[in-house]
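Biologist: Could you take me through this protein chain and show me where your words for it come from? I'd like to see each label set against its rule.

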Amino acid sequence: MKTFTRTTLYLIILSTSLPGCKDKPTAPPEEPEPPPPVVSQTQTGIQITTHVGTTHTLILIPEGPFEMGANNGIRNEGPEHTIYLKAYYIDRTEVTNAQWNPYAIAERQLPNFDPPEHPVVNINWFQAGEYCAWLGGRLPTEAEWEKAARGTDRRIYPWGAAPDPNRANYLNSGDPFDNGTAPVAYYREGNRDGRSPYGVLDMAGNVWEWTQDEYDSAFYQRSPRDNPVNYELRTHFLHLERVVRGGSWFSTAFLVRTTARDARTSNLQTDTLGFRCVVDR
């Protein structure tokens, strides 16, 4: 009887230790891939509808040359030089909290609790790029941003040659939003018409905008003519400086010019910094 008990116990232990004899843990079910964004044509470009129900209106910037930079004595803005860009679509406005928050929730990130139609801020370069990729696009290059802002007639501001406090949200411009961001598309018509030659909005003031490019104050001196982008290191260093464009609500009128360039570290998050996306044609 004692032998039988020991043998039985041994067989039980052996059976539970053999491969395939234990109950295998059940793997959690894989989440289905979300459907891709739906793209439809409009009179001026395209509209993108995401699977979380948000939409983006993008404007077509046609292929061709434009004059980039300025010979105004500011080192990082010169020399003025001719650039040739392929066609692309760019967001009509800066990305808003209403567009960002459903994405953030779907991606298990924190939403932004600022007003829905204001530009989303406190977004670093990595987060901005990830959002644009999710939309089916990317961040604009510095050259793409500038062409969309100034067109082909060398505009100093998106609307013309002189600053106008009625057309953009910048420091001491006297608008209702001097101490923070304005709703996107606030400056779109009448005496508040701040549109660029292509109809792109908020290219001056409101928030600085991320671009793809690594910052180099002397890049224009060696910039290629066709579709330039200063992305030489092709790294994701946290403290690598990236070009930002457009100025913000806390910038002087001088810094919201179409040729003004500045730099921010890739991991920076501030309430003066947002972004918009580009989609290749």
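Modeller: What follows is a chat about labels and the rules behind them. This is a predicted model, where local features need pLDDT of at least 70 and side-chain atom pairs count only at pLDDT 80 or more, while totals for chains, interfaces and linings use all residues. Residues are numbered from 1 along each chain as its sequence is written, and side-chain values use heavy atoms, with hydrogens and water left out.

Biologist: Fine. How many helices and strands are there in the protein chain?

Modeller: There are 4 helices and 11 strands. Those are DSSP runs, numbered from the N terminus: helices are H or I with at least four residues, strands are E with at least two.

Biologist: What does T258 touch, leaving out residues up to four places away in sequence?

Modeller: Touching, or contact, means heavy atoms within 4.5 Å. On that rule T258 touches W145, E146, A149, R150, R155, I156, Y157, P158 and R245. There's also a polar atom of the T258 side chain 2.6 Å from the backbone oxygen of R155.

Biologist: What makes you say that helix α4 is largely enclosed?

Modeller: In α4 (residues 142-150), 9 of the 9 residues are buried, so the rest of the structure largely encloses this helix. After α4 comes G151, with a positive phi near 70°.

Biologist: And what about helix α3, why is that one called largely enclosed?

Modeller: Here 8 of the 11 residues (125-135) are buried, so α3 is largely enclosed too. The buried ones are W125, F126, Q127, A128, Y131, C132, W134 and L135. Their cover includes β2 (45-49), β3 (55-61), α2 (97-106), β7 (208-214) and β8 (241-245). Just after α3, G136 has a positive phi of about 100°.

Biologist: How do you know that C132 and C277 are joined by a disulfide?

Modeller: The rule asks for a pair of cysteine sulfur atoms within 2.5 Å. For C132 and C277 the S to S distance is 2.2 Å, and they are joined by a disulfide. The count by this rule is 1 disulfide. C132 sits in helix α3 and C277 in the loop between β10 (273-274) and β11 (278-280), so the pair ties together parts 145 residues apart in sequence. Both C132 and C277 are buried.

Biologist: Where is F275, and is it buried or exposed?

Modeller: F275 is in the loop between β10 and β11. Its relative accessibility is 0%, so F275 counts as buried. Beyond neighbours within four places in sequence, its contacts include W100, Y131, C132 and W210. The C-alpha atoms of F275 and G129 are 9.1 Å apart, although the two residues are 146 residues apart along the chain.

Biologist: How much of the protein chain counts as buried?

Modeller: Of its 281 residues, 49% count as buried. And among contacts between residues at least 6 apart in sequence, 70% join residues at least 24 apart.

Technical notes
Buried means under 20% relative accessible area, exposed over 50%, partly exposed in between (1.4 Å probe, protein chains only). A polar contact is a pair of N or O atoms within 3.5 Å; within protein, one must be able to donate a hydrogen and the other to accept it, and residues adjacent in sequence count only if both atoms are side-chain atoms.
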